Amino acid sequence: MNFDKLFQAQLDTLKQEGNYRIFAELERKCGEFPRVTNHSKGQREVTVWCSNDYLGMGQHPKVIEAMVSTVQDCGTGAGGTRNISGNAWHHKQLEAELADLHHKEAALLFTSGYVSNWAALSTLGSRLPNAVILSDALNHASMIEGIRHARCQKVIWKHNDPEDLDRKLAALPANATKIVAFESVYSMDGDIAPIKEILDVCDKHGAMSYIDEVHAVGMYGPRGGGVAEREGLMDRITLIEGTLGKAFGVVGGYITGSHALVDFIRSFASGFIFTTALPPAVAAAATASIRHLKESSYERDMQKRQVARLRARLDAEGIPHERNPSHIIPVMVKDPVKCRMLSDILMEQFGIYVQPINYPTVPKGTERLRFTPGPLHTDEDIEYLVLALKTLWKQCAIAHAVA
Ligand SMILES: *Cc1c(COP(=O)(O)O)cnc(C)c1O
């Protein structure tokens, strides 16, 4: 039996559709971000425009110092699961920091944001009596997989539509344990959920609320607690989930909530119990990053400035981009082959790295380039990017925005 034929057939289909994923072989250089070395074709310096290290914290001196000194003190790995190795001093400190960030009683760490969503939702949905998870239609894959694994009843409500959520909650039996799962910043369109309205609907129906603030923590709110912090809503949310891998610049995921909720997930979630804990140095670095961003608004302010600047320059040149209230700037191409081609030309001719976003990450026909300006992009970087896009827009005969 030639199994490779089976694999190849599906890969060929992907390639024909223009959806085959190719990863750039980039090497980050500490202190030079967003400049990185591209090893894909020879060696060349390029500027990254699509990083989720949104604030450049991955090279912040305090974060690096915390990681390096902890490796020297504690060695590399945690030595096993929290259960077995018990090596959790740095993890406990980080959890206290996270609980404080979101004004919750407790927090629990996972090896990634993906795992935290997967483990928490699957545990809630499978263990709570008559659980029904009501999931926003555009929720991230990690939430969808967690809900699938819960094998409880699932209801999908219209994206960011509290009225639809209200109708769907009203249709459920009185004895259901209702869990409403949604995100704050949706990372592909950059739109933000009407959190207050959603929480009002949850309260009306006695539903618990589960929010993914992965694309908001570190960046929104006076201490980087996310959109819910900015809007004064953290105390009304049952469970806040986040990542340490994006704006905090390290790796790992977490949930925060009441003592009982966090103890429940800690005690029953397979995805927490049976996997090696994060290295202590990673936990220490994340703690340093969170502490810094609780006090410093400089990175957030600079990010806002550069986001506004890129938007204004795109407008001035008639390059169409989606309007949204976040830090994410999607430039619609609406064709997977063109999208990849634009990304290739930007890399090869201009030294600009922006990954094409194609199906299944976004629906077919909404392929896009997604720009995430940050505090380390200079005004000259923005000017150069806009110049490159302007040149390509002329060449590629993609309709300009109609004024
Ligand atoms: C990236 C992402 C996650 C997963 O977080 P990781 O720490 O990268 O595993 C979860 N939710 C959303 C919305 C994401 O974009």
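User: Two strands pair if DSSP finds at least two bridges between them; in which order do the strands of the open sheet of seven strands lie?

Analyst: This is a predicted model, in which local features need pLDDT of at least 70 and side-chain atom pairs count only at pLDDT 80 or more, while totals for chains, interfaces and linings use all residues. Residues are numbered from 1 along each chain as its sequence is written, and side-chain values use heavy atoms, with hydrogens and water left out. Helices (H or I, at least four residues) and strands (E, at least two) are DSSP runs, numbered from the N terminus. With mixed pairing, the seven strands of this open sheet follow the order β4-β10-β9-β8-β7-β5-β6.

User: Why is one side of β4 and of β6 left without a neighbour in the sheet?

Analyst: Strands of a sheet pair through backbone hydrogen bonds, either parallel or antiparallel. β4 (106–110) and β6 (153–157) stand at the edges of the sheet, so one side of each lacks a neighbour there, because each has a single partner strand.

User: What angle does the direction of helix α4 make with that of β4?

Analyst: Axes are lines fitted to C-alpha atoms, for helices over the stretch in contact, and angles run from 0 to 180 degrees between N-to-C directions. Helix α4 (residues 89–101) packs on the sheet and touches β4 and β10 (253–257), where contact means heavy atoms within 4.5 Å. Its direction and that of β4 make an angle of about 125 degrees.

User: Which strands are the edge strands of the open sheet of three strands?

Analyst: This sheet has antiparallel pairing and the order β11-β14-β13. The strands that pair on one side only are the edge strands, β11 (329–332) and β13 (356–357).

User: Which residue in β14 is the bridge partner of P330?

Analyst: β11 and strand β14 (residues 368–371) run antiparallel and are joined by four bridges. For P330, the bridge partner in β14 is R370.

User: Which helix packs on this sheet, touching β13 and β14?

Analyst: The helix covers residues 336–350, and its direction makes about 45 degrees with that of β14. The helix that touches β13 and β14 in this way is α14.

User: How much of the accessible area of the ligand does the protein cover?

Analyst: An oxygen atom of the ligand is 2.5 Å from an N or O atom in the side chain of H215, and a backbone N or O atom of G113 lies 2.8 Å from an oxygen atom of the ligand. Accessible areas come from the Shrake-Rupley method with a 1.4 Å probe. Of the 380 Å² that the ligand has on its own, the protein covers 84%.

User: In which loop is P360 found?

Analyst: A cis peptide bond, with omega about 5 degrees, joins Y359 and P360. P360 is found in the loop between β13 and β14.

Conventions. A polar contact is a pair of N or O atoms within 3.5 Å; within protein, one must be able to donate a hydrogen and the other to accept it, and residues adjacent in sequence count only if both atoms are side-chain atoms. Two strands pair if DSSP finds at least two bridges between them.
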